Amino acid sequence: MIRFILAAMFLVWFLLVSYILFFVEWVVGKISKRSKDISSLRIVQWAFRVILAIGGVKITVKGKENILDEATLYVGNHRSFFDVLVAYIQCERLTGFVAKDAIEKVPSLRVWMKYLYCLFLDRKDPRAGMKTILQAMDYIKQGVSIFI
């Protein structure tokens, strides 16, 4: 229970500090979009590593050498939010996630996700879902991996 409280406190702190980081990322983005993409990825990966450390998660990765060095579609059957954190810190290149549209309602989390090419899937509207999948295909063509 104490780990959950500490992780929640860190998450709230990070989402509040994010408003300052958004300005910094905006300035970096004016200079170089690629630099903004990479710095956003590293900032979020750092935050995920901290949350995993607070949670006491130990990670063992097998088969990472089999991952291609190009844009890839990852399809996983995850059962918790920690699966997303563990998967995301293993991604060395830009990777967007397909997430539920309900997550889009969290203000600063939404901005980080858009910076990192995440897509929001509306499960109730098949047309909107198809547009999301087509956008994911465009991202892959641009060199951004997608994790469903």
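Start by selecting Asp37. At 4% relative accessibility, this residue counts as buried. The model on screen is predicted.

**Stop 1**

Which helix holds Asp37 and Lys33? Both lie in helix H2, residues 33–54. They are four residues apart, about one turn of the helix.

Now compare the two ends of the bridge. Asp37 falls under the 20% limit for buried residues, because its relative accessibility is 4%. Lys33 counts as partly exposed, at 47% relative accessibility. Side chains of opposite charge can pair when their charged atoms come close.

**Stop 2: the other salt bridges**

How many salt bridges does the structure hold? The count is three.

For the next one, select Lys64 and Glu92. Their closest N and O atoms are 3.4 Å apart. This pair links distant parts of the chain, 28 residues apart. Lys64 is in the loop between H2 and strand S1 (73–74). Glu92 is in the loop between helix H3 (81–90) and strand S2 (95–100). Is Glu92 buried or exposed? Glu92 is exposed, with a relative accessible area of 59%. Lys64 is partly exposed, at 29%.

Move on to Lys114 and Glu104. Their side chains meet in a salt bridge of 3.7 Å, N to O. Lys114 is partly exposed, with a relative accessible area of 47%. Glu104 is also partly exposed, at 28%.

**Stop 3: the aromatic rings**

Switch to Phe, Tyr and Trp. A search of the whole structure finds 14 aromatic pairs. Take Phe10 and Trp13 from among them: the pair is tilted, 5.6 Å centre to centre, with 35° between the planes. Both residues lie in helix H1, residues 2–31. They are three residues apart, about one turn of the helix. Phe10 counts as buried, at 11% relative accessibility. Trp13 counts as partly exposed, at 45%.

Stay on H1 and select Tyr19 and Phe22. What kind of aromatic pair do Tyr19 and Phe22 form? The pair is edge-to-face, with 85° between the planes and 5.7 Å from centre to centre. Again the spacing is three residues, about one turn of the helix. Tyr19 is partly exposed, with a relative accessible area of 46%. Phe22 is buried, at 10%.

The charged end of Lys36 sits over the ring of Tyr115, 3.9 Å from the ring centre.

**Stop 4: the largest pocket**

Turn on the pocket display. The largest pocket has a volume of about 1100 Å³. To find its centre, select Phe81, Val84, Leu85, Ile103 and Leu109. These lie nearest the centre, out of 33 lining residues. H1, H2, H3, S2 and H4 are the elements that each give two or more residues to this lining.

Which element gives the most to the lining of the largest pocket? H1 does, with seven residues. Colour the lining by class. The lining divides into 26 nonpolar, four polar and three charged residues.

**Stop 5: the second largest pocket**

Go back to Lys64, the residue paired with Glu92 in a salt bridge. Lys64 is one of the residues nearest the centre of the second largest pocket.

H3 provides the largest share of the lining, four residues. By class, the lining of the second largest pocket has eight nonpolar, three polar and six charged residues.

Key. Residues numbered from 1 in each chain as written. Predicted model: local features only at pLDDT ≥ 70, side-chain atom pairs only at ≥ 80, totals over all residues. Heavy atoms only, no water. Salt bridge = Lys/Arg side-chain N within 4 Å of Asp/Glu carboxyl O. Buried < 20%, exposed > 50% of the residue type's maximum accessible area, 1.4 Å probe, protein only. Phe/Tyr/Trp six-rings, centres within 6.5 Å; stacked < 30°, edge-to-face > 60°. Lys NZ or Arg CZ within 6 Å of the ring centre and 35° of its normal. 1 Å grid on protein atoms, 1.4 Å probe; cavity = no way out; pocket = protein on both sides within 12 Å on 5 of 7 lines; lining within 4 Å. Points joined across faces, edges and corners; volume = space filled by probe spheres on them. Nonpolar A, V, L, I, M, F, W, Y, C, P; charged D, E, K, R; others polar.
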